[in-house]
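Here is a friendly walk through one protein model, written to be read with the structure open beside you. We will go from the loops to the helices, and then to the contacts between side chains.

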Amino acid sequence: MKKFRLKIVTPKGIYRDEEVEMLNLRTTSGQIGILADHMPLAAGLAIGDMNYLIEGQKKHFALSGGFVYVNEECTTIIANTIESSEDIDLDRAQKAHDRATKIMTQKQDQIDMLRAQRALQRAVTRIRVKELG
């Protein structure tokens, strides 16, 4: 399978820069797959899981939002945070899930509820990616 360059950047710097065969990720408009020679694209990224194929092996990641930009030379992901399935601390993710669920069951103002919903989305994604990895 033809490869293309994938570059992942976070506020801490370059997270990954490698040649991959296929990329699947969730944009704010829905799930998309990217192969070599994909048409140019710019899209926002939703909280969700992402995976790519490299040397026939699928690698799984949890994304907490960001942007993806595809051009002829490279696909670039600018992520708020990203964690590989190997790096996810399942105990910490479960505690974040429990904390967010508890906040959502209590009567809170709208801002606290929205924060709790996003925290729960991130926690559920991290738990799912850890189980996939």
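Glu55 is found in the loop between β5 and β6. Its backbone has a positive phi of about 55°, although Glu55 is not a glycine. Most residues other than glycine have a negative phi. Glu55 is also exposed, with a relative accessible area of 59%; here buried means under 20% relative accessible area, exposed over 50%, and partly exposed in between, using a 1.4 Å probe and protein chains only. The helices and strands named in this report are DSSP runs, numbered from the N terminus: helices are H or I with at least four residues, and strands are E with at least two.

A word on the model itself: it is predicted, so local features need pLDDT of at least 70 and side-chain atom pairs count only at pLDDT 80 or more, while totals for chains, interfaces and linings use all residues. Residues are numbered from 1 along each chain as its sequence is written, and side-chain values use heavy atoms, leaving out hydrogens and water.

Asp37 is another residue with a positive phi, about 65°, that is not a glycine. Asp37 lies in the loop between β4 (30-34) and β5 (41-54), and counts as exposed at 64% relative accessibility.

Helix α1 covers residues 90-105. Its 16 residues should span 22 Å at 1.5 Å a residue, and its end C-alpha atoms are 23 Å apart, which agrees. The expected span is 1.5 Å times one less than the number of residues. Which residues of α1 are buried? They are Ala93, Ala96 and Ala100. Seen down the axis of α1, the buried residues fall within an arc of 60°, so they line one face of the helix; the arc is that of the directions from the helix axis to the C-beta atoms. An α-helix has 3.6 residues a turn, so residues three or four places apart point the same way. The face of α1 turned away from the buried side carries the exposed residues Arg99, Lys102 and Thr105.

The buried residues of α1 pack against α2 (110-132), where contact means heavy atoms within 4.5 Å.

For α2, the 23 residues should span 33 Å at 1.5 Å a residue, and the end C-alpha atoms are 33 Å apart, which agrees. At the start of α2, a side-chain oxygen of Asp109 reaches to within 2.8 Å of the backbone nitrogen of Asp112. The buried residues of α2 pack against β5, β6, β8 (82-84) and α1. Among them is Thr125, which counts as buried at 4% relative accessibility. The Thr125 side chain reaches the backbone oxygen of Gln121 at 2.9 Å. Leaving aside residues up to four places away in sequence, Thr125 touches Ile47, Gly48, Asp49 and Ala62.

**Charged pairs**

The structure holds seven salt bridges, each a side-chain nitrogen of Lys or Arg within 4 Å of a carboxyl oxygen of Asp or Glu. Three of these are listed here.

| Salt bridge | Closest N to O |
|---|---|
| Asp37 and Lys2 | 2.8 Å |
| Arg5 and Asp17 | 2.8 Å |

Asp49 is buried, with a relative accessible area of 15%, whereas Arg26 is partly exposed at 31%. Arg26, Asp49 and Arg128 are linked in a network of salt bridges.

**Aromatic rings**

How many aromatic pairs does a search of the whole structure find? It finds two. Rings of Phe, Tyr and Trp (its six-membered ring) pair if their centres lie within 6.5 Å; planes under 30 degrees apart count as stacked, over 60 as edge-to-face and the rest as tilted. Tyr15 and Phe61 form an edge-to-face pair, 6.2 Å centre to centre with 80° between the planes. This pair links Tyr15 in strand β2 (residues 13-20) to Phe61 in strand β6 (residues 57-70), 46 residues apart. Tyr15 is partly exposed at 24% relative accessible area, while Phe61 is buried at 1%. Together with Tyr52, Tyr15 and Phe61 form one aromatic cluster.

Definitions and conventions: Polar contact = N/O pair within 3.5 Å; in protein donor to acceptor, adjacent residues only side chain to side chain.
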